[in-house]
Amino acid sequence: MRNDVWPLVHAERAAMIDDLARLDDTAWEQPSLCAGWTVHDVVAHLVDVARSTRLGFAVDMVRAGFDFDRQNTRGIQRARGGTPQETLQRLREAATRTSTPLAPLDTRLVEEVVHGEDIRRPLGITHTYAQHAVVRSLRQQVRTSTAFGGAKELVAGVRLVATDADVIIGDGPEVAGPALALLLTVSGRTVAARELDGPGIATLTSVW
């Protein structure tokens with residue numbers, strides 16, 4: 001097990017808590033980059049995944065009929081507090097946990113980085129991520145099947161080139177740009193595609 005992921009995850013959770021503590025209640029109800037979810041919904045999701053265990057996740061999936069969207073919706077309902085401050089307190093309480101669902105450990109980092117931007121970008125909040133955390137998240141996302149929330153099949157026909165890190169992935173028409181923009185775009189956040197360049201962009205964004 002790659003337990004070295006946890007310090008990176010915990011650092012991102014702590015940074016998110018600091019940013020959220022500065023928001024008024026109105027900001028929590030703004031739409032996030034995650035389609036159909038408000039900022040409050042995304043925070044509740046982060047609470048739910050931080051609390052998740054292998055057994056608990058397996059039980060949740062069975063109860064949700066193995067439907068990831070349904071499982072996520074149930075998790076948000078379970079983790080969301082009556083007020084933003086109550087949800088934030090739940091995130092504080094879960095922030096240092098090292099429990100995980102049935103998934104590769106690096107997916108815990110993907111959750112924090114991608115959902116971190118789901119929250120921050122619509123609110124105009126900037127955050128500097130550790131570059132190796134972004135690169136590690138990108139590599140995890142492109143080796144994970146789309147059936148499990150990844151981008152493996154999506155990026156099969158393109159060549160991803162990070163302009164700010166030593167990362168080249170795949171073969172085909174090139175898509176170049178910052179590693180964070182690549183990560184967000186392959187994760188379906190096409191707003192980040194404007195930061196990319198190359199003939200492979202149309203292929204990369206065609207399914208979103």
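Me: Leaving aside neighbours within four places in sequence, which residues is Ala 21 in contact with?
Reply: Ala 21 is in contact with Leu 88 and Arg 92, where contact means heavy atoms within 4.5 Å. This is a predicted model, in which local features need pLDDT of at least 70 and side-chain atom pairs count only at pLDDT 80 or more, while totals for chains, interfaces and linings use all residues. Residues are numbered from 1 along each chain as its sequence is written, and side-chain values use heavy atoms, with hydrogens and water left out.

Me: Where is Ala 21 found?
Reply: In the loop between helix 1 and helix 2 (25-28). Helices (H or I, at least four residues) and strands (E, at least two) are DSSP runs numbered from the N terminus.

Me: Relative accessible area of Ala 21, what is it?
Reply: 45%, which makes Ala 21 partly exposed. Buried is under 20% relative accessible area, exposed is over 50%, and partly exposed is in between (1.4 Å probe, protein chains only).

Me: And what separates the C-alpha atoms of Ala 21 and Gln 89?
Reply: 9.8 Å, for residues 68 apart along the chain.

Me: Salt bridges next. How many in the whole structure?
Reply: A search finds 14. The rule asks for a side-chain nitrogen of Lys or Arg within 4 Å of a carboxyl oxygen of Asp or Glu. One of them pairs Asp 19 with Arg 120 at 2.7 Å, N to O. That pair links distant parts of the chain, with Asp 19 in helix 1 and Arg 120 in helix 7, 101 residues apart.

Me: Are Asp 19 and Arg 120 buried or exposed?
Reply: Both Asp 19 and Arg 120 are buried.

Me: What about Arg 90 and Glu 86, how far apart are they in helix 6?
Reply: Four residues apart in helix 6 (residues 84-94), so about one helical turn separates them. Glu 86 is partly exposed, at 34% relative accessible area.

Me: Why do residues three or four places apart in an α-helix point the same way?
Reply: Because an α-helix has 3.6 residues a turn.

Me: Which parts does the Asp 118 and Arg 189 pair tie together?
Reply: The two side chains meet in a salt bridge at 2.7 Å, N to O. Asp 118 lies in helix 7 and Arg 189 in the loop between helix 9 and helix 10, so the pair ties together parts 71 residues apart in sequence. Asp 118 counts as buried at 0% relative accessibility, and Arg 189 counts as buried at 13%.

Me: Switching to domains. How is the protein divided?
Reply: Into domain 1 (5-105 + 117-123) and domain 2 (131-206). The bounds come from an automatic or database domain assignment. Their centres, taken over C-alpha atoms, are 23 Å apart.

Me: How many residues are in contact between domain 1 and domain 2?
Reply: Nine residues of domain 1 are in contact with eleven of domain 2. There are two salt bridges between the domains. Arg 121 and Glu 195 also form a salt bridge, at 2.8 Å, N to O.

Me: Last one: how many residues of helix 9 are buried?
Reply: Eight of the eight (residues 179-186), so helix 9 is largely enclosed by the rest of the structure. Its buried residues pack against helix 7, helix 8 (131-142), strand 1 (159-162), strand 3 (174-177) and helix 10 (201-205). Just after helix 9, Gly 188 takes a positive phi of about 90°.
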